[in-house]
Amino acid sequence: MGYTEKIVDKVYKIKADSNLYFLDFDEKMVIDTGSDSNKDIVKRELGKLVELKEIKKIIFTHLHYDHIGNYDLFPNAKFFASLSEIEDFKKDPVGTTVSEEKVDVDLKLLGKMKEFEIIDTPGHTRGSICLFFLKEKILFSGDTLFYKGFGRIDLPTSVPEEMKGSLDKLKKLEYKVLCPGHEY
Ligand SMILES: [Zn+2]
């Protein structure tokens with residue numbers, strides 16, 4: 001279970017319950033970190049590509065447990081999410097992450113980035129974001145858009161009435177490759 005796929009030069013996908021993406025840029029970064037139950041896979045597969053302590057930046061598309069597990073594998077990273085997502089997490093960490101236990105990760109507000117357009121896509125969660133990698137036209141779509149559909153909108157911090165607007169926003173992007181949070 002779990003393996004690595006090269007998407008384009010310097011961009012890798014690792015399937016670990018949910019997908020995580022490693023970006024081998026000058027500043028090494030990861031988008032989402034899989035679920036805690038897949039810790040061994042993340043350690044092994046990502047460890048083949050990079051020393052985990054070299055990763056400086058982790059961006060969460062949203063804060064569900066299956067996207068934020070394994071944050072403890074990255075001793076030198078800072079962790080980023082959107083403002084709404086951080087607000088909901090501070091109010092109710094268990095409900096926001098849909099996990100059994102409180103997750104103790106120190107989150108920072110994601111600011112503008114030179115490599116990516118950051119797109120607010122409320123729906124699956126209120127603070128869900130997608131990242132559009134401008135150079136290669138790759139869309140990292142979290143649990144907003146999948147290959148064959150879109151993410152659930154019946155979860156504690158979902159905003160179902162906003163999903164359609166978010167999907168419409170993504171439709172307008174001329175992406176070449178879709179990199180969703182799950183393989184369906
Ligand atoms: Zn999710």
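Here is a walk through this predicted model, from its sheets and helices to its core and a few of its loops.

Let us begin with the seven-stranded sheet. Its 7 strands lie in the order β1-β2-β3-β4-β5-β6-β7, and they make an open sheet with mixed pairing. At the edges stand β1 and β7 (107–109), each of which pairs on one side only. If you ignore direction, neighbouring strands in this sheet are turned against each other by 30 degrees on average.

Now look at one pair of strands within that sheet. β2 and β3 are antiparallel partners, joined over 6 bridges. In this pair, A16 stands opposite S18 of β3. The loop between β2 and β3 holds D17. This residue is worth a glance for its backbone: phi of D17 is near 75 degrees, which is a positive value in a residue other than glycine.

Helix α1 touches β1, β2 and β3, and its direction makes about 165 degrees with that of β2. Helix α3 (residues 83–91) touches β6 (78–81) and β7, and the direction of α3 makes about 145 degrees with that of β7.

Which of its residues are buried? Within α1, which spans residues 39–49, they are I41, V42, E45 and L46. Seen down the axis of the helix, these buried residues fall within an arc of 95 degrees, so they line one face of α1. The strands that this buried set packs against are β1 (4–8), β2 (11–16) and β3 (18–23). Turn to the face of α1 that points away from the buried side, and you will find the exposed residues D40, G47 and K48.

Next comes the interior. In soluble globular proteins, nonpolar side chains tend to be buried together. In this model, the largest nonpolar core has 37 residues. Those with the most contacts inside this core are Y21, V30, I58, I59, F60, L131 and F140. Setting aside the neighbours within four places in sequence, I59 is in contact with M29, I31, F80, L110 and L131. One of these partners, L131, is itself on the list of core residues with the most contacts.

Why can β10 be called largely enclosed by the rest of the structure? It is because 5 of the 5 residues of β10 are buried. I138, F140 and G142 point one way from the strand, while L139 and S141 point the other way, and all are buried.

What are the pairing partners of β10? Strand β9 (residues 129–133) runs antiparallel to β10, and 3 bridges join the two. Here F132 stands opposite L139 in β10. With strand β13 (residues 177–180), β10 pairs in the parallel sense over 4 bridges. In that pairing, L139 stands opposite L178 of β13.

K137 is in the loop between β9 and β10, and it has a positive phi of about 55 degrees although it is not a glycine. With 13 other C-beta atoms within 10 Å, K137 is partly exposed.

Our last stop is P160, in the loop between β12 (149–150) and α5 (163–171). P160 is partly exposed, with 13 other C-beta atoms within 10 Å. The C-alpha atoms of P160 and R126 are separated by 9.1 Å, while these residues are 34 residues apart along the chain.

Terms used
Residues are numbered from 1 along each chain as its sequence is written. This is a predicted model: local features need pLDDT of at least 70, side-chain atom pairs count only at pLDDT 80 or more; totals for chains, interfaces and linings use all residues. A residue is buried if 20 or more other C-beta atoms lie within 10 Å of its own, exposed if 12 or fewer, and partly exposed in between; C-beta atoms are placed from the backbone. The arc is that of the directions from the helix axis to the C-beta atoms. Two residues are in contact if their C-beta atoms, placed from the backbone, lie within 7 Å. A nonpolar core is a set of buried Ala, Val, Leu, Ile, Met, Phe, Trp, Tyr and Cys residues joined through C-beta atoms within 7 Å. Two strands pair if DSSP finds at least two bridges between them. Axes are lines fitted to C-alpha atoms, for helices over the stretch in contact, and angles run from 0 to 180 degrees between N-to-C directions.
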